[in-house]
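Please examine the structure shown below before reading on.

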Amino acid sequence: MRIAAKIAAFQLLDVLRSRWLFGYAIFFLVTTELLLRFGGDATRALVSLTSIVLFTVPLAAIVFATIYVHRAREFIELLLAQPVGRGAMFAGTYGAMAVSLSAGVVLGIGMPFVVRGGAGAGGAAAVLVAAGAALTLVFAGAGVAIALRTDDRLRAFGIALGGWACAAMAYDAVLLVVATALAGAPLERPLLAATLANPIDLARVVMLMHLDISALMGYTGASFTRVFTASTGTALAAASLAAWAAGPALLGARLFRRKDF
Amino acid sequence: MIEFRSLTKSFGAREVLRGVDLCVRPGRVTAVVGSNGAGKTTLIKCLLGLVRPDGGEIRVNGARIGGDPAYRATIGYASQMSRFPEHLTAREVTKILLGLRGGSAVIDWELFERLALAPHLDTRVRALSGGTRQKLAVALAFLFAPRVLVLDEPSAGLDPVANAVLKDKILSERSDGKTVLVTSHVMSELDELADDIVFLRAGRVGYAGSVQKLRVFTGQPHLERAIASMMKKEVVCA
């Protein structure tokens, strides 16, 4: 654990100095501030912010992680040539990446609410920050796994973008087409499973159930609310999102242990 | 002593190492040579645990290497592609390795001094020239006074002065009884340094023995011509 912490500390320093992270945090800071000032009440600002977070956080996390692992490959090789286990090396590298990206989301979105002295719309801002951090873990883990599985940088970048586009844009559209084609069939439970299979949908459900705005949930999210009560649904969605956060990281760790560098 | 026994490794359908049997003796500089794709880097990476062999075994000073990374405390490594985190300074990169090796490691700053790295230690890596980065990579390989040195094309990008310093250091380590395994495409350089040659051809050992014997075997006084002769003849004389 000490070795992983040492590796993470230096990798974190490298990321912090790149200024990329500051740009990322400032983007959320400015967006949140503008929405709170000009977007109406806190609930309406949070709804707009949710759409932005669900779109940008997965994209930034998966692209950053994929590029970071590829760029660090030679240095990872040098560190693995030291008396260091692969588990510690992975934990340090992934940990630094996850912490820095999550910090960008937490500080960028959280600061304007903290300055205003409240969690916003009954704690919904805190829920959004947590959902954003969870999505960061999911997609950073996915980016690491893609980079480890695909040696060609350009191909890895393409797969990362494709994965994000599928989860963020194509998924709900495809399900809507399927549901329309199978109109009349009992699709509630398959659609519920479909929601659980997409972390972005889960984050949307968690957020909008908290705000109690089912009209904005998207097709899969709406079916989720028909099956569950608000509290049960939120708990299930949050637990599933937590499982999603761990899944890609565990896959990345497994690939890292077996990887030929 | 490093021993490779029946070492095999494939990447997909491509067999890169096809049963390598080899002994690398201590107190000698052993050069691994061969054409591109012959398996030189894969062999070195297997020794470092960066690549997992499909079969066979590797022993370092009699102990079989496996999942425990502790054996790598005896190895210093410089790769042919020295890339470090761009926003860290050379001093911070050095500190990472010092932190990973623990407080008990013996530290040898000689190459840092002789390669004049001191003025660059507080410069971020991205502001360093390619040559200075390579000097740092080479100096880091020697930093912990390792018993085994694995140098994968270490002179690539070094200026003539730095190259001479590196060669002197390698020869001095040899006289201290260290094991040095080096790859290079510059045969004149290996002519100066190498005691033994391992010639790899398509993942097999084509020749393993002293430079002197290779010269006699091929009838060529210069190493470069001797290796070229081996490549053309496609003979196996291990």
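Does Leu193(B) count as buried or exposed? In this predicted model, Leu193(B) counts as buried because its relative accessibility is 3%, where the cut-off for burial is under 20%. The residue belongs to helix α6 of chain B, which covers residues 187–193. Leaving aside residues up to four places away in sequence, Leu193(B) touches Val29(B), Lys167(B), Ile170(B), Leu171(B) and Arg174(B). Ser6(B), by comparison, is 187 residues from Leu193(B) in sequence and 27 Å from it in space, C-alpha to C-alpha.

Ser210(B) lies in β10 of chain B, residues 204–210. Its relative accessibility is 15%, and therefore Ser210(B) also counts as buried. With residues up to four places away in sequence not counted, the contacts of Ser210(B) are Arg28(B), Asp195(B) and Asp196(B).

The next topic is the nonpolar interior. In soluble globular proteins, nonpolar side chains tend to be buried together. Here the largest nonpolar core comprises 154 residues, and Phe4(B) and Ile197(B) have the most contacts inside it. Apart from this core lies another, of five residues, including Leu175(A), Ala179(A), Leu187(A) and Ala194(A). As for the surroundings of Phe4(B), residues up to four places away in sequence again not counted, this side chain's residue touches Val20(B), Asp21(B), Leu22(B), Val24(B), Leu43(B), Leu47(B), Glu57(B) and Ile58(B).

The remaining topic is the interface. In chain B, 32 residues are in contact with 26 residues of chain A. The area buried between the two chains is about 2800 Å², and carbon and sulfur atoms give 58% of it. On the side of chain B, Leu50(B), Arg83(B) and Leu100(B) lose the most area to chain A, together 26% of what that side buries.

In a salt bridge between Arg71(A) and Glu86(B), the side chains meet at 3.6 Å, N to O. Across the interface, 16 residue pairs are in polar contact. Which elements of chain B each supply at least two residues of the side that touches chain A? They are β1 (2–11), α1 (40–48) and α2 (90–101). The largest share, eight residues, comes from α2(B). By residue class, the side of chain B that touches chain A divides into 18 nonpolar, four polar and ten charged residues.

How values were computed
Residues are numbered from 1 along each chain as its sequence is written. Chains are lettered from A and ligands numbered from 1 in the order in which they are written. This is a predicted model: local features need pLDDT of at least 70, side-chain atom pairs count only at pLDDT 80 or more; totals for chains, interfaces and linings use all residues. Side-chain values use heavy atoms; hydrogens and water are left out. A nonpolar core is a set of buried Ala, Val, Leu, Ile, Met, Phe, Trp, Tyr and Cys residues joined through side-chain atoms within 4.5 Å. Buried means under 20% relative accessible area, exposed over 50%, partly exposed in between (1.4 Å probe, protein chains only). Contact means heavy atoms within 4.5 Å. Buried area is the accessible area (1.4 Å probe) that two parts lose on being put together, summed over both. A salt bridge is a side-chain nitrogen of Lys or Arg within 4 Å of a carboxyl oxygen of Asp or Glu. A polar contact is a pair of N or O atoms within 3.5 Å; within protein, one must be able to donate a hydrogen and the other to accept it, and residues adjacent in sequence count only if both atoms are side-chain atoms. Helices (H or I, at least four residues) and strands (E, at least two) are DSSP runs, numbered from the N terminus. Ala, Val, Leu, Ile, Met, Phe, Trp, Tyr, Cys and Pro count as nonpolar, Asp, Glu, Lys and Arg as charged, and the others, Gly among them, as polar.
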